[in-house]
Amino acid sequence: MPKVHVPSALRLYTRNLSSIHIPGNTIRDILVALQESCPGVQRHVFHEDGNLRGFVNIYVNEENIRTLAGAETRVDEKDEISIVPSVAGGSHTPDSQMLSHEEIMRYSRHLILPDVAMEGQRKLKQARILVIGAGGLGSPVLMYLAASGIGRLGLVDFDMVAASNLHRQVIYRTDSIGQPKLDAARAFIKGINPNVRVDLHEATFNTRNALDIADDYDIIIDGTDNFPTRYLVNDVSVLLGKPNVYGSIFKFEGQTSVFGVEDGPCYRCLYPEPPAPGLVPSCAEGGVLGVLPGIIGTIQATEAIKLILGTGNSLVGRLVLYDALAMRFREVKLQKDPKCRICGDQPEITELIDYHQFCGVPGKSENNGKDVRDIEISATQLHRKLKTDPVMLVDIREPEEWAIGHIDGAVLIPLGSLPHRLSEVDNNCEIIAYCRSGVRSLHALELLHNAGYPSAKHLRGGILAWSDDVDSSIPKY
Ligand SMILES: [Zn+2]
């Protein structure tokens, strides 16, 4: 009797038998006999009109019956007949991965793409992605991943929505100002796609919590805006063996790649050392074109989706550089560094470290060994002092920031030109530096202290604090 091989998708009708001997002279005879002994099989194989269904192929030995005589193909005693559903895998799909009718309609333009189709959409539904930072990059990433049907999105952020976020962080609205970003982000995601599970991690991503948080996810997306967190995200990705979809933006330029994949490079292979503190300003200090994170974040979302689908050429081993002013994408090759401290042949870093220390970012309580109280002055103290003492007030921001507003009597010496304009600093009076928020002025202090102005101080909280506490006519930005 001919032998019929049953695919695992149909074995629930064949009492789990993987092959059955069925009598018959043609394929149709055999399938009818199979239906009689195993009810339920036939409707998976034939349309009601008797034609073979398009997603099932039937082979006699190695020949597809479509190339023979179809259902009327004749079979011999020793022939082997295989039923092969065209869906790869073909195993029974658990209910949790099934798509509802609503989802099938929602994702229909994916479902008709051969590279996504039902199987890919189910993979997206099963996927768990962690997005570090719900800001400029996080906004388009979350928006597209939610719309695409990622089953579970984890968000890490601790900030409130500020007015200065709105020109690029497009998931927030004017009436979100003052709300926790995570609450507003969840509302936005649920508005796009209520099927997405949203996990909120309202915390700074740090050495203590990072591995625990990330362990629950398949892919990490780096939407951070500072170097300590960027190295932390990289190390978490390498230690846990999870891909890190990297993006960074500054002024008019962006970078993106995929790190932390086996045999691919990591962020430390590309940048073994962080830049000196203050050398590379943040977006808060240097500015950023509002639309830029839209481009880079959308590429990050694309790469994450491709990783899940297992399709296309990922950015593993390639760094894309985007210049919005020139409107040009360039690409450079990245190699895994065998001497990399975390993913190399003999890794030194086997657990998370102190990333603020690694990046040389001054901690909150100390600067250059000096007590923080000796080097800073509050806005109200400065206000009083300006009325009585000789003070040289140095504004170390950029001319564009000076034009937004500045403190009367200040002298503009941008941080970058301070080293060769030290001769303009008057040693006969007290020197007080200020910037926007009090971060860059700490770097200016380091310069001033080392250049022979050991008693120089800076304005705590920068001109933002001045606007809050002394002169509200100065706009905050
Ligand atoms: Zn590496």
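## The eight-stranded sheet

Eight strands build an open sheet with mixed pairing, in the order β8-β7-β6-β9-β10-β11-β12-β13. At its edges stand β8 (197–202) and β13 (328–333), each of which pairs on one side only. On average, neighbouring strands of this sheet are turned by 15 degrees against each other, direction ignored. Strands here are DSSP runs of E with at least two residues, helices are runs of H or I with at least four, and both are numbered from the N terminus. Two strands count as paired if DSSP finds at least two bridges between them. Strands of a sheet pair through backbone hydrogen bonds, either parallel or antiparallel.

Before going on, please note that this is a predicted model, in which local features need pLDDT of at least 70 and side-chain atom pairs count only at pLDDT 80 or more, while totals for chains, interfaces and linings use all residues. Residues are numbered from 1 along each chain as its sequence is written.

Here are some strand pairs of the model.

| Strands | Sense | Bridges |
|---|---|---|
| β6 and β9 | parallel | four |
| β9 and β10 | parallel | three |
| β10 (244–250) and β11 (253–259) | antiparallel | seven |
| β17 (391–395) and β19 (430–434) | parallel | five |
| β3 (56–60) and β4 (63–64) | antiparallel | two |

Helix α6 (residues 138–148) lies across β6 (128–132), β7 (152–157) and β9 (219–222), and runs at about 165 degrees to β6. Helix α12 (residues 292–309) also packs on the sheet, where it touches β6, β9, β10, β11 and β12 (318–323), and its direction makes about 175 degrees with that of β10. Such angles run from 0 to 180 degrees between N-to-C directions, with axes fitted to C-alpha atoms, for helices over the stretch in contact. Contact is counted if C-beta atoms, placed from the backbone, lie within 7 Å.

Which residues have the most contacts inside the largest nonpolar core? They are Ile-129, Val-131, Leu-142, Leu-153, Ile-221 and Ala-304, in a core of 63 residues. Helix α12 gives the most to this core, with eight residues. A second, separate core has 23 residues, including Ile-375 and Tyr-434. A nonpolar core is a set of buried Ala, Val, Leu, Ile, Met, Phe, Trp, Tyr and Cys residues joined through C-beta atoms within 7 Å. Buried means that 20 or more other C-beta atoms lie within 10 Å of a residue's own, with C-beta atoms placed from the backbone.

Strand β9 is covered on both faces: Ile-219 and Ile-221 on one side, and Ile-220 and Asp-222 on the other, are all buried. Among the residues that Ile-221 touches are Val-141, Val-245 and Ala-304.

## Elsewhere in the chain

In helix α1 (residues 27–37), Ile-27, Ile-30, Leu-31 and Leu-34 are buried. Seen down the axis of α1, the buried residues fall within an arc of 95 degrees (taken from the directions from the helix axis to the C-beta atoms), so they line one face of the helix.

Strands β3 and β4 form a hairpin with two residues between them, and Asn-61 in the turn has a positive phi of about 55 degrees.

Another open sheet has five strands in the order β16-β20-β19-β17-β18, with parallel pairing. Its edge strands β16 (376–377) and β18 (411–412) each have a single partner strand, so one side of each is left without a neighbour in the sheet.

Notes: Contact = placed C-beta atoms within 7 Å. Buried ≥ 20, exposed ≤ 12 C-beta atoms within 10 Å, placed from the backbone. Lists of a residue's contacts leave out its neighbours within four places in sequence.
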